[in-house]
Amino acid sequence: MSRPATRRAWPVLGALVVAALLVVVAAPTYYVNLAVLALVYSLLAMSLNLLMGYAGLTSFGHAAFFGAAAYAAGILSLRYGVPFWPAAAAGIAVGTLLGAAYGILVAGSRGVYFLLITLALGQVTWGLTLRWVSMTGGDNGLPGITRPDLWLGWPLADVRGYYLFALLIAGICVALLALVVASPFGHALRGIRESPSRMRTLGYPVWGYAYAAFVVSAFFASVAGVLYVYYNGFVSHQNMQIAVSAQVALMVIIGGAGSFWGPAAGATLLVFMQNLLSSVTQRWMSVLGLLYIVVVLYQPSGLAGLVTQIRRRRAGRPEERVATPAVLPTAGDRNGWGR
Amino acid sequence: MSIRLRLERVARRFGGLQAVVDFSLTASAGERIAIIGPNGAGKTTLFNLISGELAPTGGRIELLGRDVTRMPPHRRAALGLGRTYQLTNLFPRLSVLENTLLAVVALRPMRYVAWWPLAAYRDPLDRAQALLAPLGLWERRDDPVAELSYGEQRQVEIALAMAPGPTVLLLDEPTSGLSAAETRIVHALLQGLPRTITVLLIEHDMGVAFDLADRMVVMHQGRILAEDTPEAVRRNPRVQEIYLGSA
Amino acid sequence: MFWITLVANGVAFGMLLFLIGSGLSLIFGVMRVVNLAHGSYYLIGAYLGTGVAAATNSFLLGIAAGVVATMLLGVVMQTAFLERFGGQILAQVLLTMGFLLLLADLSLWVWGGTPQILAIPDALSGSVRAGGFVFPRYRLFISLLSALVALALYLVLERTRLGAQVRAAVDDPEMAQGLGVNVPRLSTAMFALGAALAGLAGVLGSPILGVFPGADLEILTLALAVVIIGGLGSFPGTLVGSLFVGLADNIGKALFPELSYIAFFAPMALILAVRPRGLFGR
Ligand SMILES: Nc1ncnc2c1ncn2[C@@H]1O[C@H](COP(=O)(O)OP(=O)(O)OP(=O)(O)O)[C@@H](O)[C@H]1O
Ligand SMILES: [Mg+2]
């Protein structure tokens, strides 16, 4: 099946790890900061990819779980002085439970309805956070969350130390995600993406799989949220806006939905672009807006699609008989509500 | 002989259209029943009612002695019901092997495993090979199923339905759109199905239908027009007039 | 008295939400597009209307400017961008996200970050007395005007050929196309109408709500709640949904300001759980 692909992947993976470690020693502090953000958003994008790329369920409310976990951990640490590990665990629990609650409301929908409902749930969660001033700090957010001092040998207060910590956690999560994706469960998700009706008559409880995928995805998004809040020391309603949800979706698409590493590449690209460009222009938001439009107009199958196209051209079969990865679901998906 | 499937006055309306009307039928273990009828007779709708993809607007469906009228499709499958589709319904971007493996593990407890690679399980792989090799598709196991020829896809369609080991099998026009040569292959494939399986077969190819069926049901405008042995149906003048005449 | 004011404000706000929600719902119904830029029409309408009204000293000209500009914006978005991606859900929603960001940044650039407010025209300021109750005149005006728009919309949808085509397209766009309805042209009409209504809501709303960066997102959120509660593509659903959200939001804000979103979020979640297609959806 994917054996040869896996074998080819090992050297690449090795190179990635070496490069990731080199960042700590070689890169200037500014870039180490960006690298932490790249890790956080890579994890977030990969968590969304489980839904979008594998299960074919496009969520536009993913920031809710990221933000809820960040807020929960931040509030516990800031207001109640809860130490890192319990606060982090609670943050992840809150984000995951929110996913478990919302999952009940969306797991029966597909296509554009799924997108709309997740969007609405995400937005309402954002509005709630914005107005709940006494708890969340409202418009001002929650500043002053400090990084913990763990027994890891390198103080996390130093961004290089925190980078290593984030690398470790993100690495564990990515390994877990790789297992999920390769497992019978992960294959079932792809089956659901391709044909929910066939999966049902084969005997798969499709609702349960969609629900489980939603919760698992919320779990990894929550881990990313906790990593983010301790890195950033600050969380605000901006972290759970539609802008974040959409940007994560864009990362997945730029990287190529349904490819395992693509979303991480998309996330890294966007994080670096955003920070480098916003240091030269005030109009970063417009650039991002244009980027959305350009991506849709010119490369809807993302980086992974680009790679596939180049490979095919090299192999001398430029014509594409099979659609490139599951990027842009079509109207066929809209018929809506399964059981 | 024990009864595997029992339909009692099953009905389905679409707005003002009566697609299936007061349809009653029983199928015993190992029986092979062909359902024929002109386009729009309600045959596919009937299958959708049996498989649970559509809810009946009236009547009662029993599978292996259990009332399944309101049971969702995946639980009917767990009882031993399998089906194929008239319009090929596979997982187009997954490989032939992945398609087959999904079907092979569909009813095994390991389908819930989320922490161990599917590829690491030996037994499903062997079963997939046993299913694909006779079709000559084992060599093509890594190709996306969308890249197979139409005829090959129709064979995978049947392989998927067979993979979980159903006791009642619904086949919706397995030979539709196939060339004469491809039809012969599928015909042979169906002949080779274990005699323990109860088969309901919708078929427009009369050669295939008459050869495989123990009993034939002729459907017209949602109702049973005739139900008899193949020879009797062949001689039935009303069938000749309404079905064969209009086909 | 407290309650009367609260309800009057809630109804006025609800009717504004109706203007926005009906466009969102029609666009979704006909094209299956989730238009994230719908709140941006409101924002642009409000800024332009406020600016033009202040410059010309004419409330009417402000309304005209807001409505015409957003209508054009909607038509351009649809014909130059979205139309090409018919049926491609994700492509379309990403395009509208791009416009959401572009328009938000553009208005921040042009109008700055400080909230602006449009003065209520003299003829509409003050309040109306009726049987011992006092209603703010401007809110009454908004409610009545929006009710008139709703009535007109209802008559068009129910009584005209265009309305019949819209209803057919909402039920099944492919079938409608097959029956000879020009769905692309219809979609453009829906975008023009929906954007214009949202722009109108922006101008009308800005004397009571003000306009500020981020108003697009707040309005979009409420409009989403409206269409989910009411049911997508349903006219009565949108009306009931908007009045409900308008009232719940206002009453919630008065009673428990910090958790006011719960007032419509909880019912919305409940409806999603038991009637996923909304109160009036099929
Ligand atoms: N989901 C549906 N909604 C509305 N009408 C339907 C639906 N499914 C089937 N029908 C109608 O029900 C009738 C029976 O259709 P069905 O597909 O069961 O016929 P069939 O016997 O399988 O025909 P064929 O031989 O062409 O496959 C047809 O008139 C069809 O248009
Ligand atoms: Mg049929």
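The following legends describe close-up views of a predicted model with chains A, B and C.

**Numbering and confidence.** Residues are numbered from 1 along each chain as its sequence is written, and chains are lettered from A in the order in which they are written. Because the model is predicted, local features need pLDDT of at least 70 and side-chain atom pairs count only at pLDDT 80 or more, while totals for chains, interfaces and linings use all residues; side-chain values use heavy atoms, without hydrogens and water. The term pLDDT denotes the predictor's confidence in each residue, from 0 to 100. Chain C has a mean pLDDT of 91, and 100% of its residues reach 70 or more. The scores of the model are ipTM 0.94 and pTM 0.92.

**View 1. The antiparallel open sheet of chain B has four strands**. Strands (E, at least two residues) and helices (H or I, at least four residues) are DSSP runs, numbered from the N terminus. The order in the sheet is β2-β1-β4-β5; two strands pair if DSSP finds at least two bridges between them. At the edges stand β2 (17-28) and β5 (66-67) of chain B, each with a single partner strand, so one side of each has no neighbour in the sheet. Two bridges join β4 (residues 58-63) of chain B to β5(B), and B:E62 has B:D67 as its bridge partner in β5(B). Helix α1 (residues 43-51) of chain B lies across β1 (3-14), β2 and β4 of chain B, at about 120° to β1(B). For such angles, axes are lines fitted to C-alpha atoms, for helices over the stretch in contact, and the values run from 0 to 180 degrees between N-to-C directions.

**View 2. A mixed open sheet of chain B contains six strands**. Its strand order is β6-β7-β8-β3-β9-β10. Both β6 (81-83) and β10 (223-228) of chain B are edge strands with a single partner, so each has one side without a neighbour in the sheet. Neighbouring strands of this sheet are turned by 20° against each other on average, direction ignored. Within the sheet, β3 (residues 32-36) and β8 (residues 198-202) of chain B are parallel and share four bridges; B:R32 stands opposite B:V199 in β8(B).

View 3. Contact means heavy atoms within 4.5 Å. The interface has three salt bridges, each a side-chain nitrogen of Lys or Arg within 4 Å of a carboxyl oxygen of Asp or Glu. One of them links B:R93 to A:E194, whose closest N and O atoms are 2.9 Å apart. On the side of chain A that touches chain B, α8(A) gives the largest share, eight residues.

View 4. Of the two pairs of chains that touch, chains A and C have the most contacts. They bury about 4,700 Å² between them, 77% of it on carbon and sulfur atoms. Two salt bridges are counted here, including that of A:R131 with C:D249, at 3.0 Å between the closest N and O atoms. The largest share of the side of chain A that touches chain C, 16 residues, belongs to α5(A).

Conventions
Buried area is the accessible area (1.4 Å probe) that two parts lose on being put together, summed over both.
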